[in-house]
Amino acid sequence: MNSKKDNVGQPILSISEVTKHYPIREGALQRVVGHVRAVDGVSFDIFPGKTVGLVGESGCGKSTLGKVVSGLTDPTSGSVSYNFNNQLVSISNLEKNKFKNFRRNCQMVFQDSFASLNPRHLVCDIVGRPLKVYKEVSGYDLVEKVVSLLNQVGLGREHLYRYPHQFSGGQRQRISIARALALNPEIIILDEPTSALDVSVQAQILNLLNEIQKARNLAYLFVTHDLSVVRHMADSLVVMYLGKIAEAGETQAIFAKPYHPYTKALMDAKPSFDEGQNSKAKGLEGVVPDPARPPQGCRFHTRCSLATDKCGWEVDDVVRWLEDTPGMFESLTAVERKSEFSAVLSFSDESSAANLTQEMRSEKLPTSMRKALNQVKINEKNVQIEFEPVEEILLREKDGRHTACIIEPKN
């Protein structure tokens, strides 16, 4: 039986300092030479009847976090705690029967509805499979239960004996939702459920999800990159960048006044149907850094127009800058690191070393990066660089919201 929570003041799920790192292996012996830090210390709570929106660019770790939260993959560290009988218990520590209870109460709807449905199974088998696994109903009652679930998502009995390829994208997503609802869960992880659908179909699916949430008091973790969708759906918002939380708080408050430059940049990049607003839309400059070597300090500082000398400039930022400087990167032969903030760069000739020294002292280097330099010293073909060390920039609270930025938000 489902253990429904009476105390709505407690979260259904509590995500605490969750990390997920994937090993990088090289060589014939496949030695581990590093890790891709897909998720790196994320914490938030999910409450009954509420929707948490998880947003960010592609590659920020949203979908990976969704899989960790749903129990589809184990975290490297940290914990996902489930409210079992009004007591938060880490799902990693649940006994077999209790973990089975968690799995039935935490379902997932995937982005690719076609890939998540078995092409060889009929709809009655796909939607009815969870009911069979948990021995809820069988025989005629199973068919009627499947029909009831299909009716809830706008389909009917006539769709029972069809295959997934016989449906449109929106209909397949409805089938996925019906399957997720089969065991009457408490929370559903929605991983980009409308991104592959037409705009009109997106609206239908979002309205359907809203109606189901109100009827069943469901909690949603809504993973998406679409800010207009999350504004419509989410009660609270978690903005991720390169595996970490950049900003978190109530959705309307964040949309009214974003505190983190990354959140504002995401909003500015969203096109609008209003011609005056659309002319102001602009994309983020630069590319997302390598998650195997994320920037120090604030991870967004390499692309931030408001970056200061206290944001965490480091040796890797010089290497990235050289990559964009014609003729300079090709002559770089080695980087001998003393720390993240200090290294010796070796070049193939003395002129390249001299050019780097000169340009790093010129206005060609970003002002905030130049101010963070403690030392630039040349010795023949080698250039010693040292930046001012900084600590990792952590989330801080202001007005009931959290932001990971050293720039003080203005009132």
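These questions cover nonpolar cores and aromatic rings in a predicted model. Residues are numbered from 1 along each chain as its sequence is written. Local features need pLDDT of at least 70, side-chain atom pairs count only at pLDDT 80 or more, totals for chains, interfaces and linings use all residues, and side-chain values use heavy atoms, without hydrogens and water.

Q: How many residues does the largest nonpolar core have?
A: A nonpolar core joins buried Ala, Val, Leu, Ile, Met, Phe, Trp, Tyr and Cys residues through side-chain atoms within 4.5 Å. Buried means under 20% relative accessible area, exposed over 50%, partly exposed in between (1.4 Å probe, protein chains only). L322 and L345 are among the residues with the most contacts inside the largest core. Its residue count is 43.

Q: Is F102 buried or exposed?
A: F99 and F102 sit 3 residues apart in helix 2 (residues 96–105); helices are DSSP runs (H or I, at least four residues), numbered from the N terminus. F99 is partly exposed, at 27% relative accessible area. F102 has 0% relative accessibility, so F102 counts as buried.

Q: What kind of aromatic pair do Y241 and F300 form?
A: Rings of Phe, Tyr and Trp (its six-membered ring) pair if their centres lie within 6.5 Å; planes under 30 degrees apart are stacked, over 60 edge-to-face, the rest tilted. The centres of Y241 and F300 are 5.2 Å apart. Their planes stand at 85°, so the pair is edge-to-face.

Q: Which residue lies over the face of Y259?
A: A charge sits over a ring if NZ of Lys or CZ of Arg is within 6 Å of the ring centre and within 35 degrees of the ring normal. At 3.8 Å from the ring centre of Y259, the residue is R401.

How values were computed
Helices (H or I, at least four residues) and strands (E, at least two) are DSSP runs, numbered from the N terminus.
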